[in-house]
Amino acid sequence: MAEGPDPGFGGVFAGRRVLVTGHTGFKGGWLCLWLQQLGARVTGLALAPEPGPSFFAACGLEQALDSRIADIRDPGALAAALAGADAEVLFHLAAQPLVRRSYQAPAATFETNAGGTAHVLDAALRMPSLQAAVVVSSDKCYENREWDWGYRESDPLGGHDPYSASKACTELVAGAYRNAFFAAPDGPQLATARAGNVFGGGDWGAERLVPDLARAAAADQPLQIRRPQAVRPWQHVLEPLSGYLALAARLLGPGGAEFAGAWNFGPPLAGTVTVRELTALLSAAWGPGAPQVDFSPAEDGPHEAGLLRLDSTRARLRLGWQPQLALPEAAAMTAQWYRAFQDGGTGMAALSRAQISRYGSLMAAGADSPEGAAADRTETWRQPAAQ
Ligand SMILES: NC(=O)c1ccc[n+]([C@@H]2O[C@H](COP(=O)([O-])OP(=O)(O)OC[C@H]3O[C@@H](n4cnc5c(N)ncnc54)[C@H](O)[C@@H]3O)[C@@H](O)[C@H]2O)c1
């Protein structure tokens, strides 16, 4: 079997001071847990978690790391909250990440995703030890042509709806800071990362497919699904996070300047399926207790892109990054997490760490044929994880 990417990322995170913005959210929470497993000393900066269940609360992250609460739209509050946090590595994930909410609160979405990114980068520039920054934007930052091809990093930025445009702005802000302040080859390096539609255990975002399924399952209610034909680049949360970590490791290494710039971390073609297809996989993985699903016959709500694929060739070739999980396996991991939460929710940090470890072993094994390999592995996620 081919040797895979290094799951320990060359040990570069061991003992490092790492700042993660958005640590009270879904992706940021998983990233903090993974960084801690790699030996990093993690500080998180975000708003307090929204009311209701969260990955942050389920995994006890408030106690597990240096958690600081501030609004990134407020530079004074941000500076005060980051007092003494001299990070070597920054992962900026804090954002207003929801398309529909961006229609209700467009200006606030731009303030957070564009202005907030500038404030976070200002704060980072005041950290004398900073060596690498990864700013997370989105697959939706591209001008969407509704075509079949995957978007490449060189394609034009755009955005029909306020969220997508605000993420294109995130890219422009980060690009301007890179040119103006992060350009020295021996200084700190800055890159941006664009991933697909992410799912996994512990997401409770509003009007997202998997959280909606989890809520319906917990309430024993049927679920109405909008836009069943929309095609999205679905991927398990650990897939892009492994890309962000691989990217930061390269930025920290010799010749890090070569890796400054924009990177796509999307799923393989087989991961780019319709809402209806992913729902079927998740329902099958859930097993008994999966909610009854009704698909809306017609489009409703504000405009959202219908077709979106990412071309991640550059990350594969230059970073050695590759997805490890086919969709059935990603769905099985996700169902395992939510079922454990529904069954009392104790030991969620241990379960999440076990999923990260298992993912690391897949990386090490170099399962470079995700579709084929995953077909034989889905059953393992139906068992309780070793804790
Ligand atoms: N989930 C996806 O499918 C997806 C896809 C592409 C890109 N992304 C991007 O990944 C990142 C994380 O997304 P997520 O799904 O974990 O979202 P999430 O809503 O679960 O978490 C968002 C985090 O940002 C913080 N935040 C929001 N506004 C803030 C503010 N004004 N000040 C400080 N903190 C603030 C929240 O407190 C939370 O910690 C975002 O940048 C998002 O745009 C997500």
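Guide: Start at W337. Skip its neighbours within four places in sequence, and W337 is in contact with W30, F55, A58, C59, G201, G202, W204, M348, L351, S352 and Q355. Contact here means heavy atoms within 4.5 Å. This is a predicted model, where local features need pLDDT of at least 70, side-chain atom pairs count only at pLDDT 80 or more, and totals for chains, interfaces and linings use all residues. Residues are numbered from 1 along each chain as its sequence is written, and side-chain values use heavy atoms, with hydrogens and water left out.

Now see where W337 belongs. The largest nonpolar core has 80 residues. W337 is among those with the most contacts inside it, along with F13, W34, L35, F91 and Y244. A nonpolar core is a set of buried Ala, Val, Leu, Ile, Met, Phe, Trp, Tyr and Cys residues joined through side-chain atoms within 4.5 Å. Buried means under 20% relative accessible area, exposed means over 50%, and partly exposed is in between (1.4 Å probe, protein chains only). Helix α9, residues 238–252, gives the most to this core, with 10 residues. A second, separate core holds 26 residues, including L45, A114, V173 and L190. In soluble globular proteins, nonpolar side chains tend to be buried together.

Next, P267. It is found in the loop between β10 (261–265) and β11 (272–274). Helices (H or I, at least four residues) and strands (E, at least two) are DSSP runs, numbered from the N terminus. P267 counts as buried because its relative accessibility is 10%. Neighbours within four places aside, P267 is in contact with P233, W234, Q235, T272, L310 and P323. G289 is 22 residues from P267 along the chain, and their C-alpha atoms are separated by 28 Å.

Move to the end of helix α8. This helix covers residues 209–219, and A219 lies in it. A219 is partly exposed, at 44% relative accessible area. D220 lies in the loop between α8 and β8 (223–225). D220 is exposed, with a relative accessible area of 70%. Its phi is positive, about 55°, although D220 is not a glycine.

R227 also has a positive phi, near 50°, and is a residue other than glycine. R227 lies in the loop between β8 and β9 (231–236). Is R227 buried or exposed? R227 is buried, with a relative accessible area of 7%.

Finally, step back to the whole protein. The secondary structure comes to 14 helices and 12 strands. The radius of gyration is 19 Å, close to the 21 Å that the globule rule gives for 387 residues, so the protein is as compact as a globular protein of that length. That radius is taken over C-alpha atoms, and the rule is 2.2 Å times the number of residues to the power 0.38. The C-alpha atoms fill a box of roughly 55 × 45 × 40 Å, taken along the principal axes. Buried residues make up 56% of the 387 residues. Among contacts with a separation of 6 or more, 80% join residues 24 or more positions apart.
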